[in-house]
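Dear colleague,

Please find below the structure for your records.

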Amino acid sequence: MSFKDLSLEQLIDDIKSKKITKEEVFQYFLKRIEKYDYKIKSFNYVNENWVNSNTKDTIFQWVPIGVKDIFCENWIPTTSASNMLKDFIPPYDSTVIANLTKEWISSIWKVNMDEFAMWSTSESSAINTTYNPWGNNRIPWGSSGGSAASVAAWLVPAALWTDTGWSIRQPASMCNVVWFKPSYGRNSRYWVMSMASSLDCPWTLTKTVKDSALLYDVMNGYDEKESTSLTWKDLIDPSIWDKKDLKWYKIWVPKEYFEEWLDEWVKLRIEEAINKLKELWAEIKEVSLPMTKYAIATYYIIMPAEVSTNLSRYDWIRFWHNSTEAYSSTDELFMNNRWEWFWDEAKRRIVLGSYVLSAWFYDAYFKKATQIRTLIIDDFNKAFEEVDAIVSPVSPNVAWKSWEKVNDPVKMYLSDAYTIPASLAWLPGISVPAWFAESEDSEKELLPVWLQILTPRLKEEKLFEIANVYEQATKFWEKNPDWFED
């Protein structure tokens with residue numbers, strides 16, 4: 001069997017049992033990157049000089065993963081896919097990388113993303129445009145499109161990512177890989193480049209639910225250097241993997257998620273997935289999340305406000321380059337540098353965020369948005385008094401053609417309707433495949449559709465249990481893009 005057909009857990013077990021060596025695994029994936037990445041362009045940098053003689057017997061045994069180009073790694077270029085940081089090489093590791101290093105995980109270096117994790121298609125990177133391995137010249141979504149594409153094409157068995165409103169759920173859904181997002185605060189954001197601090201959440205992309213839990217056990221935990229870090233570590237009870245059905249589970253389907261924006265083919269596949277949950281003995285209820293209709297507007301006020309604050313530190317004076325444009329004041333120098341080196345979406349969000357935080361509009365926009373966010377959280381809390389989990393589509397449509405909607409940011413923002421509410425509420429979530437749906441364009445390709453599962457805050461174990469039962473009953477994750485052979 002090819003290494004690409006093995007899960008992360010299976011690779012680790014085979015290395016520990018000495019069926020294969022860690023060097024063989026690393027070189028195998030390095031060769032796959034060299035052979036296929038020119039087609040999808042998921043990597044910004046590749047660690048071709050991986051050498052380490054340490055033979056300590058630990059969980060990961062040097063199984064390589066991709067790392068989104070937003071996690072600082074000691075002496076490895078970390079650019080956030082922006083010209084603003086094209087020469088930046090951090091002299092430190094983010095806490096997430098340090099936690100994985102303790103278990104001897106091996107970064108195979110950086111995967112592509114939208115600049116500073118902004119945009120929805122992996123088309124705003126200053127380094128590469130990443131393509132979906134499942135489609136003919138289609139987007140992998142964004143901003144973690146490089147992470148999703150690299151795992152979908154089996155260039156790596158897992159990848160790190162960050163999620164703010166949709167950054168990983170959409171790419172995972174469109175590339176047929178599992179995304180997992182823990183409760184906000186489970187994982188440290190220390191030395192992960194900030195986009196919107198009250199929303200950013202680092203975590204993983206894998207091929208299976210169990211692989212996500214494996215990484216979760218290693219990565220979560222208290223970090224005294226990070227003010228939002230939860231003060232205890234969470235470990236998953238291994239007995240949950242033995243469960244074969246969903247008896248006694250009450251699962252909620254919000255009616256608002258099926259009323260607008262949802263393509264008919266996607267809706268059909270999601271309904272089939274819900275029927276599968278019924279076959280597994282789950283009790284399905286339909287209830288309402290009335291504040292859902294305000295989630296996108298709320299997000300696109302809070303997020304740009306935090307973006308404008310976080311990106312104010314990037315002026316190029318501290319990053320070894322200045323604009324060649326003439327200037328007559330320090331302010332004009334700053335303006336020239338930021339205008340020259342930020343891409344359009346970063347500029348758009350800085351301007352919008354500065355506007356809603358201004359003295360004249362703070363109460364009318366930002367303050368009101370934070371109040372609506374509280375109501376959205378209350379919506380979910382009331383729902384979870386009645387049910388164990390909520391399921392919905394991840395995306396209202398399958399992957400579209402690259403550059404098809406790049407000039408229509410409003411349409412792009414509306415595609416996040418199903419993922420943004422959970423981010424505002426700091427909920428954990430995971431995705432499992434709901435099979436494939438036809439594209440609406442003339443080519444009618446069959447492309448991945450995924451089901452989003454949400455549980456109450458800090459209930460990650462319940463989330464893994466539900467997702468694993470569904471995954472084992474369907475085995476959809478085993479399907480790979482046909483053209484990525486060894």
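At roughly what angle do the axes of helix α6 and helix α14 cross, and within what distance do they come? The axes of α6 (residues 209-219) and α14 (residues 460-474) cross at roughly 155 degrees and come within 9 Å. That makes α6 roughly antiparallel to α14, a term for angles over 145 degrees. Axes here are lines fitted to C-alpha atoms, for helices over the stretch in contact, and angles run from 0 to 180 degrees between N-to-C directions.

Before the remaining findings, two notes on the source are needed. This is a predicted model, in which local features need pLDDT of at least 70 and side-chain atom pairs count only at pLDDT 80 or more, while totals for chains, interfaces and linings use all residues. Residues are numbered from 1 along each chain as its sequence is written, and side-chain values use heavy atoms, with hydrogens and water left out.

In the pairing of α6 and α14, V209, S212, A213 and Y216 of α6 meet E460, F464, A467, N468 and E471 of α14, contact being heavy atoms within 4.5 Å. The residues of this contact comprise 5 nonpolar, 2 polar and 2 charged. In that count, Ala, Val, Leu, Ile, Met, Phe, Trp, Tyr, Cys and Pro are nonpolar, Asp, Glu, Lys and Arg are charged, and the others, Gly among them, are polar.

A second pair is formed by α8 (residues 295-310) and α11 (residues 362-383), which pack at an angle of about 125 degrees with their axes 9 Å apart. These two helices are therefore oblique to each other, the class left after under 35 degrees (roughly parallel), over 145 (roughly antiparallel) and 65 to 115 (roughly perpendicular). On the α8 side, A295, T298, I301, I302 and A305 take part, and among their partners in α11 are Y365, F366 and R373. The contact divides into 9 nonpolar, 2 polar and 1 charged residues.

Helix α1 (residues 8-16) has L8, L11, I12, D14 and I15 buried, that is, under 20% relative accessible area with a 1.4 Å probe, protein chains only. They lie on the same side of α1, because they cover an arc of only 165 degrees around the axis. The cover over them includes α2 (22-40), β3 (158-163) and α6. Just after α1, K18 takes a positive phi of about 65 degrees.

For the protein chain, 63% of the 486 residues count as buried. Its secondary structure comes to 14 helices and 10 strands, taken as DSSP runs (helices H or I, at least four residues; strands E, at least two) numbered from the N terminus.

Yours sincerely

Conventions. Buried means under 20% relative accessible area, exposed over 50%, partly exposed in between (1.4 Å probe, protein chains only). The arc is that of the directions from the helix axis to the C-beta atoms.
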